[in-house]
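Please look through the sequence and the 3D structure below before reading on. The briefing after them is grouped by topic.

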Amino acid sequence: FMPGPGKKNGSGTPVEREVLIFPLLNLSQVEAGDNGFITSVREAKPVKTIRTEKDGTFCVSLPVGRYSVIVQEPKGLYANVSDTQNNIFPVNVQKNRQSTIRVEITHQAVF
């Protein structure tokens, strides 16, 4: 959605996708393509792979630790968030705590 004078920002459209949870990945561990796509991951396998509901929601139980959340798009693996240490879509899992994250798929967006 392109904001502008007299236009409201859209909230996006939920989608059903496969979500891959990796041990925390750094950009140095992947081959990066264009627009947030990852063409390959070196020496790491997903610890969990799940499918979102039709409304885009998902819930997964994980051991305490740090993880990367990556979405399987038709064009390949996608993650458009990284931290200051170049960790890809980092998520901290704490004991007995539930976290909410929002994954925005923006590779076709116009800003």
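## Briefing

Of the 111 residues in the protein chain, 25% count as buried, where buried means under 20% relative accessible area, exposed over 50% and partly exposed in between (1.4 Å probe, protein chains only). The model is predicted: local features need pLDDT of at least 70, side-chain atom pairs count only at pLDDT 80 or more, and totals for chains, interfaces and linings use all residues. Residues are numbered from 1 along each chain as its sequence is written, and side-chain values use heavy atoms, with hydrogens and water left out.

**Overall make-up**

- The protein chain has zero helices and seven strands; helices (H or I, at least four residues) and strands (E, at least two) are DSSP runs, numbered from the N terminus.
- The accessible surface of the protein chain is about 7900 Å², and 49% of this belongs to carbon and sulfur atoms; such areas come from the Shrake-Rupley method with a 1.4 Å probe, and for residues only the protein chains shown count as cover.
- Among contacts in the protein chain between residues at least 6 apart in sequence, 66% join residues at least 24 apart; a contact means heavy atoms within 4.5 Å.

**Strand β1 and its partners**

- Strand β1 (residues 18-23) runs antiparallel to strand β4 (residues 48-51), and four bridges join them; two strands pair if DSSP finds at least two bridges between them.
- In this pairing, Val19 stands opposite Ile50 in β4.
- Strand β1 is also joined to strand β5 (residues 65-73) by six bridges, again in an antiparallel arrangement.
- Here Phe22 stands opposite Ser68 in β5.

**The nonpolar core**

- The largest nonpolar core has 18 residues, of which Phe22, Leu25, Ile38, Val69, Ile70 and Ile88 touch the most other members; a nonpolar core is a set of buried Ala, Val, Leu, Ile, Met, Phe, Trp, Tyr and Cys residues joined through side-chain atoms within 4.5 Å.
- At least two residues of this core come from each of β1, β5 and β7 (90-93).
- The largest share, four residues, is supplied by β1.

**Two loop residues**

- Asn26, in the loop between β1 and β2 (30-32), counts as buried because its relative accessible area is 18%.
- The side chain of Asn26 makes a polar contact with the side chain of Asn87 (3.3 Å); a polar contact is a pair of N or O atoms within 3.5 Å, where within protein one must be able to donate a hydrogen and the other to accept it, and residues adjacent in sequence count only if both atoms are side-chain atoms.
- Val60, in the loop between β4 and β5, counts as partly exposed because its relative accessibility is 24%.
- Leaving aside neighbours within four places in sequence, Val60 is in contact with Lys48 and Ile50.

**Salt bridges**

- The whole structure holds four salt bridges; a salt bridge is a side-chain nitrogen of Lys or Arg within 4 Å of a carboxyl oxygen of Asp or Glu.
- One of them joins the side chains of Glu16 and Arg51 (3.4 Å, N to O).
- This pair links distant parts of the chain, with Glu16 in the segment before β1 and Arg51 in strand β4, 35 residues apart.
- Arg51 counts as exposed because its relative accessibility is 52%.
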